[in-house]
Amino acid sequence: MSHDTWQPSLRTPDPAVRILDPRFEHYRLPHATVERLWTGARWSEGPVWIGDARALLWTDLPNDRILRWDEVTGQVAAYRTPSDKANGMTRDRQGRLIVCEHGARRVTRTEYDGSVTVLADSYQGKRLNSPNDVIVASDDAVWFTDPPFGLVSDYMGQVAQPELSANLYRLDTRSGVLECVSDQIPGPNGLAFSPDEKKLYVVASRARPRTILQFEVIDGRRLAGGEVLIDAVDGTPDGFRVDIDGNLWCGWGTGSAELDGVRVFAPDGSAIGHIALPERCANLCFGGHLRNRLFMASTSSLYALYVNTRGAV
């Protein structure tokens, strides 16, 4: 179904919320339906919930802007334009906005007064490629992926030659030390911790087929393992988040209309649920007052669904 003819379901349970395994029954709210909050982007990415403002920020790379959806009014406005082709975003433990910028090839932090601090733009004297997705650990360390995707075109970044391999980094924000924690992930993309931060999951987007790898986190700063937890087969995982029970809620799509949306996996890697959308979902986050509303940045649109769990902090 074309996204411009899509209509929310009038039936409950919403047939778009599919149970693939009985374990997902608990997470589907029978009276909650998929909502489209806004449409008009060229490529939506990087949603982050700003609870104290009751707002959601997300990025629109080709249009070089960060957008803001207001929960109270339902209105959408530009939050930052130009945005240096902002992609993945998150908040640190002090509530400041952390942004991966494809255009400027850096990771930045927006301070309380609105000024922007550059956290990382180079490694060992060489420019970063195009920081893609980012998370912040409980020790305030910033972990981010740096594939060359933003160097391929001016549409999603800025054409240039990569100076570094596609690495996964950890930035100690207290000491300022940037470390490469892995240079062996083919096209590192979305990433997330397990709720206890003992595991790190990373999308290997240049593996064929795409996979989600599982690493053990050692002393909060090193990685071990890296085995395949999820083989996407014909799906396309991109950004994802983890709930308080350790389930992975993954942006999904490309290949066929039946794949578009969000695929949900149990901690053991089994697919348990799917949220069908009329377009590919690139990234998502949990938000709302109780962190029980799933916001899905999906190509041209922003969708939302209340679920019976909460996003892990």
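How many bridges join strand β18 and β19, and in which sense do they pair? Here are some notes on that and a few other spots; please keep in mind that this is a predicted model.

1. To take the opening question: β18, which covers residues 211–218, pairs with β19 over eight bridges, in the antiparallel sense.

2. Stepping back, the order β16-β17-β18-β19 describes an open sheet of four strands with antiparallel pairing. Its edge strands, β16 (188–193) and β19 (222–231), each pair on one side only. From one strand to the next, the twist averages 25°.

3. Next, have a look at serine 182, which sits in strand β15 (residues 178–182). Serine 182 counts as buried because its relative accessibility is 11%, under the 20% cut-off. Its side chain reaches the backbone nitrogen of glutamine 184 at 3.4 Å. Setting aside neighbours within four places in sequence, serine 182 is in contact with Asn167 and Leu168.

4. Aspartate 133 deserves a visit too, in the loop between β11 (126–127) and β12 (134–136). Aspartate 133 is buried but has no salt bridge. Arginine 241 is the nearest side chain of opposite charge, 4.1 Å away, and a salt bridge would need the charged atoms within 4 Å.

5. What is aspartate 133 in contact with, leaving aside its neighbours within four places in sequence? The list includes Cys100, Trp143, Phe144 and Thr145, as well as Asn189, Gly190 and Leu191. Arg241 is also among these contacts.

Conventions. Residues numbered from 1 in each chain as written. Predicted model: local features only at pLDDT ≥ 70, side-chain atom pairs only at ≥ 80, totals over all residues. Heavy atoms only, no water. Helix = DSSP H or I, 4+ residues; strand = E, 2+ residues; numbered from the N terminus. Buried < 20%, exposed > 50% of the residue type's maximum accessible area, 1.4 Å probe, protein only. Polar contact = N/O pair within 3.5 Å; in protein donor to acceptor, adjacent residues only side chain to side chain. Contact = heavy atoms within 4.5 Å. Pairing = 2+ DSSP bridges. Axes fitted to C-alpha atoms, helices over the stretch in contact; angles between N-to-C directions. Lys, Arg positive; Asp, Glu negative; His and termini not counted.
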